[in-house]
Amino acid sequence: MGSGTEASVPVAILSRMERYDPQRIEARWQAVWAAERAFETPNPTDPATDTRPRSYVLEMLPYPSGDLHMGHVSNYTMGDVVSHFRRRNGHLVLHPMGYDAFGLPAENAAIRSGGHPRAVTEANIARIRAQMQRMGWSIDWARELSTSDPAYYRWTQWIFLRLFERGLAYKRASLVNWCPQDQTVLANEQVIDGHCERCGSAVEARTLAQWFFKITDYADRLLDDMETLESWPERVLTMQRNWIGRSQGAEVVFGEPDLGVEIPVFTTRPDTLFGATFFVLAPEHPIVADLVRGTEQEDAVLAYVRRTAGRSVADRTDATKEKTGVGTGRYVVNPVNEERIPIYVSDYVLVEYGTGAIMAVPAHDDRDHAFATTFGLEIRPVVMPRDGSGDVSVEAYTAHTADEVLVNSGQFNGLRADEALDRIVTWLAESGRGRATTAYRLRDWLLSRQRYWGAPIPIVDCPTCGLVAVPDADLPVLLPDVTEYTPKGRSPLAAAEEWRRVPCPTCGGAALRETDTMDTFVDSSWYFIRYVDATKDDGAWDRAAVDWWLPVDQYIGGVEHAILHLLYARFFVKVLFDAGLVGFEEPFANLFTQGMIYKDGAKMSKSKGNVVAPDAIVERYGADALRLYTLFMGPPDADKEWTDTGVTGPARFLGSAYRVVSEIAAKTAGEPRPAYADAGPAADLARATHRSIARVTDDIDRRLHFNTAIAACMELLNAIERARESLYGDPGGEIVLRAAAGTLVSLLQPFAPHIAEELWQRLGGERLWEQPWPVADERFLRAETFECVVQVNGKVRDRVQLRLGLERDAVLAAARALPNVRAHTDGREVVKEIVVPERLVNFVVR
RNA sequence: GCGGGCGUGGCGGAACUGGUAGACGCGCCGGACUUAGGAUCCGGUGGGGCGACCCGUGGAGGUUCGACUCCUCUCGCCCGCACCA
């Protein structure tokens, strides 16, 4: 890769025949990187003793829907900048890529086109891979993986079995979210406002036997370990905290005397126990049928339960609608005061939360208040501010102040509410009628899906042995080929009769395979581990190598995964840790969530017709320009607005850098490294060069503010352009000029690696991607003089160029002497003189 | 309702620690080169005023010599959760 010939081409000819041609340059360098396997990073041969600095830089893997979109470009470019930066700062960098390839879109496309989901997926992957490679990201393609590959999902199944054997994967009939459009169940996390996250259909509640992961067992650790995730965005932590929804409270047991049953409730307000004036069961509560059997309320209650079951989830959970319900004719006894209170059935109580039953305290709960008002039930205040101001006739009194006391509460009257809460819980525990407990909003993760294109659940259902794990040695359980994928409410795998019939692994008797497939979020909950050993076939991974690379040092992705993927992946890692399979408890040490790219004020989407295809931009301006623009648009975590004209800024900048650096390469000689000069324009340029190094380094490393880093590169180019004519012909000046050009190219490399490599070569360098990152020389960060701003009463009146290190009195004297300063101070009394060293002077006058 | 975030030129944004508001870029205006310009180069560009100056970071107060930055109140927008007892 010599460059001697190009450096001698006369400038006039060069500028005419060698206009910046990104297509040619980018193809050239991508070929070089591929041939040299420039970005492949093998695992250490001996991880136990290898102490080399390393960084695992990862962006969330794409769903291969066909085309790369702008969100991907922005996301992967940010990761690429960090990767290049760390590589050039001496780190071994793991920067892999893969495909989240199972899932409904490919299956639906296959149904439409009559093809096979596998074929659709493979075609999509080929397409998106080519588009990603065209972007020139420094990815270790030797580690590429696809979650729909049997060599991958074999280990997804293997991990499922580890959860199964630990009792963390179980099958249970329960009330689940059913999407009538996609004909499958959905996890709670995939239901947005009662609608299917993917297709938008109103979700129905159905009772079905489904597979769950017991993520609730990990609720406390998922919550408490967030303390260690210091650099995670606050909003992601908050969203996870809300989602887990831990509430401290008490379980209180209410007795039903006629049938002799006990019904526990969960409450966060045991202090209001004396205010319970009725009791409510969720319509699906198992005791409802027993309570009303043979009574005159039976028909009314069962009719209400049926009506509720027929309504959509969105409808049921609409908090603004009027409360409905029906009395059962039965009552329970309040354990604290032996009072009989009536039992109602109402859909405002959710069977999945707490115990599915509540004690209703209308005086101190908005929902109970609304119900009591509708049904004309007693509203009895039991917690009041000391001044007696809490009126509960119109709305519930729910405030929490330090100065509340209990009333109407027997032996607890007069106690402060917080004190009473503790005392009542103690009393309940001592009398065996309750205990302190914690409830969570988080539900177990429903992972089974009645669809084809996913990893089969590796379980066999045996009439004698029950649910039995497929032995590890028999993995993968391959997806059978079926002819019909159209969703019909049961898994298409059920039609593969031959495939289903297997001998029971335990007793050898005739048994049937599980036909549901796994939620694709299972696939993506461990892929970051598999990258370490992406091709290993005698195990899921090598623990020593995994522990060497992980946790991920910098994870980058969209905030839309704040709960789903990030919570699931955290859960998986904790389970794997407990099973001794990995040596860390959190997968992602640092998380960065990038903003979304909008166009015309809306999220880019096909349905809105405002999608800008990266391909089209690359074709016209080149990958470097597109990379630069997606970063230059704004701070990485903020949402950004795409404008078609905006790309021209970075594109012109690259064209201009190409011209100017090529000219300098041809007209000067020397090393493309930072150099020094003592005075004059050369010294100014040397300072500008070193300041740029400091700024770009800090912007990438500490702030992840790529937009200002690029702005700094633009400023350096402007400085070079301004200085070059006066430096040509001066030997010392030419060295500085060439060094400045080299530094510019070097700083630009993480953002625009193709043009940087091309220009670096033109300047006589080689393999810029592995050159050390430039270091700013402190001596050149400071000028000899500074512009001192002089204010009078806080308003800028003049400026003066002063020597650095000048004493306070001298600074004041110089400032005072300025004509415009005198105009504003003469004849007035100066009451105060403020001097901010090396910045400004402020005279306060009266 | 609860929680998180954001309001700066015509536009995207910069100002990181309280110290020159508007870096950098787009767009626009003027000029050069040109058969031509969606190319390139040069100059200008927050508002008002001939000017000295005045006004300006959603709004109103406050702290300070000095506030985009800190405090109080308020308006608007975005995101998340929401009948979770």
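Is Glu838 buried, exposed or partly exposed, and how many other C-beta atoms lie within 10 Å? The legends below take up this point last.

This is a predicted model, in which local features need pLDDT of at least 70, side-chain atom pairs count only at pLDDT 80 or more, and totals for chains, interfaces and linings use all residues. Residues are numbered from 1 along each chain as its sequence is written, while chains are lettered from A and ligands numbered from 1 in the order in which they are written.

**View 1. Surroundings of RNA strand B.** RNA strand B is surrounded by 69 residues (near means that the C-beta atom, placed from the backbone, lies within 6 Å). Ser247, Ala319, Tyr348, Gly649 and Gly794 are the closest. Helix α24 (residues 706–727) gives the largest share of this surface, seven residues (helices are DSSP runs of H or I, at least four residues, and strands are runs of E, at least two, numbered from the N terminus).

**View 2. Two cis peptide bonds.** The bond from Leu475 to Pro476 is cis, with omega near 0°, and Pro476 sits in the loop between β22 (466–469) and α15 (497–500). The bond from Leu550 to Pro551 is also cis; Pro551 is in the loop between α18 (543–549) and β26 (554–558). Most peptide bonds are trans.

**View 3. Glu838 and its positive phi.** Glu838 is not a glycine, yet has a positive phi of about 60°. The loop between β33 (830–836) and β34 (840–845) holds Glu838. Glu838 is partly exposed because 16 other C-beta atoms lie within 10 Å (buried means 20 or more, exposed 12 or fewer, partly exposed in between, with C-beta atoms placed from the backbone).
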